[in-house]
Amino acid sequence: MKGLIIKDFYCLKKQFINYVAVIIGLVVITIMFVLSFNHGNIYISRMDMIADGQATLADTIEFANKAMIFVMLLPIACAGDLDSLFRSDHQAGFYKIAAGLPVSTAKRVASRFVTALIFVGVGALIDIIISLILSMLTDVVGFTEFANTIVSFSSLMFIYGCVVILLMYMFGTKVSGYAGIIPFIVAVAGLIIAGFDGIKRFFVYEDDSLLRQYFDYIHRLITERSYVLLLAAIITFGVIYPLSVSFAQRKKGVA
Amino acid sequence: MDDSYVIELKNVKKDYGDFVLDNISFSVPTGSVCGFIGQNGAGKTTTIQIILDAIKRDGGEVYVFGKNIDEGMAELKEDIGVVFDEMGFHDFLTPKQINTVMKNIYKNWDEDAFFGYLKRFSLPAKKECGKFSRGMRMKLQIATAMSHKAKLLIMDEPTSGLDPIVRNEIIQIFREFVIDEEHSILLSSHITSDLEKIADEVVFIDAGKVILSGNKDEIIENHGILRCRKDDVGKISRSLIVDTDVSSMGAEILVNDKKAASKLYPEMVIDDAGLEQIMIHYVNSSKANAVSDNLRR
């Protein structure tokens, strides 16, 4: 199984270069943002807004807080284009070689999940290191809040990866173009349905109070209750892994 | 199960709808090279995939090293090397990287043997294998298949599309592999000349059915091409005839018992038949039988 994971990493090598570029870019942007927030143009603008009564100091810090949290998620979001792994194996005809290897189908499927977990884990680790440094440099975001957010988004990315893997085993590489998009569309649709009342109120009555509550709830879920999404990720894996093995065994060579 | 066979198939079935592998049964004796002969689309690759448990079969039993593959094929694959007609490795992988992958998969992976084969085959260890020629790709697969102390090589058209010199080189490697009689090979090919050089046993497959199997030398010895005038075809015993090819020049008949035919018809010429001729005649005969079966229905 270890050999298959190494092979997956070779396959994602090109992507790894993009990944490193994203992280370097992120570090540069974050440092610039922190400097500007405390001493540069952003500092001047927020002081002007406070002087004009457009915002309070707390508002500007909250804005910066949310902006930084979402920028910080990039390393996790860029972690592992799993459907490209399946495509690459299919194009090379590796499934034929895989059928001759002394690795059971269950282990072959498990190797895909381990690859997904490693990629998300690496993204999360990089984020934790950056956030630790940032939380020491600025008081915009505390390390606990950062850590919670990272765990939440890592969990979401792992759930996303699990769904992509399941779709690939269910439908094969012919859905590779959609496998990465379908879970994303489902997630967005889920968010819209869950916040439908707030969205409707905002557009029909121009009242954003319910929508704000909804966003605050999601924000709290991500930044304070990461264990909920972590638990969801573990349950998702528990359900999707045996399902993927079952589909892979039924098709055999596809795995 | 009998340990004297490395592979045993019993009434194996696979139905794809438009193609059926129909009750395939044959066995590969330990220490032998078994040529698996058939035209393209005859069912060779499907059979190999079933042996490797890569696709589900619809019936029958498969034994590898005397063990039923349903009881766990993954462990048995430690002792099997597999070579396909296409390389299967990603184009961007180098042989060195393939070594890293494989040494983390096979318990018995022998790095020294692998790099030894690379050297012997003049394959660069650090060049992307996508830049290799077809012959080099095939040699890389063979090097990989033979570097984990496999006892059995299963190969699907390994020599197809290669020039005669490379083919000969590869056949020589296979000869060395089976020299100690503990190693066995199942070699699928439609290039009968390669099999004539190396095979001990042959299995002919056509349209999903085994039409002939047995010891290669005995098959070649028993079969012969009987040449006669068109008018004399009726005189030949039907039990001896496999297939008849009648042209304006006369008739060419594949007989299944050359000695009996020469005794019965001493005035007629009986030439030796090669595997290719035998295969062509059996395929023709099988087609003719299928047509007459359909007409009867």
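Student: How many residues of chain A are in contact with chain B?
Tutor: In this predicted model, 20 residues of chain A are in contact with 25 residues of chain B. Two residues are in contact if their C-beta atoms, placed from the backbone, lie within 7 Å. Residues are numbered from 1 along each chain as its sequence is written, and chains are lettered from A and ligands numbered from 1 in the order in which they are written. As the model is predicted, local features need pLDDT of at least 70 and side-chain atom pairs count only at pLDDT 80 or more, while totals for chains, interfaces and linings use all residues.

Student: Which element gives the largest share of that side of chain A?
Tutor: Helix 1 of chain A does, with 6 residues. Helices (H or I, at least four residues) and strands (E, at least two) are DSSP runs, numbered from the N terminus.

Student: Moving on, which domains does chain B have?
Tutor: The assignment, automatic or from a database, gives domain 1 (5-213) and domain 2 (220-296) of chain B.

Student: What separates their centres?
Tutor: The centres of domain 1 and domain 2 of chain B, taken over C-alpha atoms, are separated by 33 Å. In contact are 11 residues of domain 1 of chain B and 7 residues of domain 2 of chain B.
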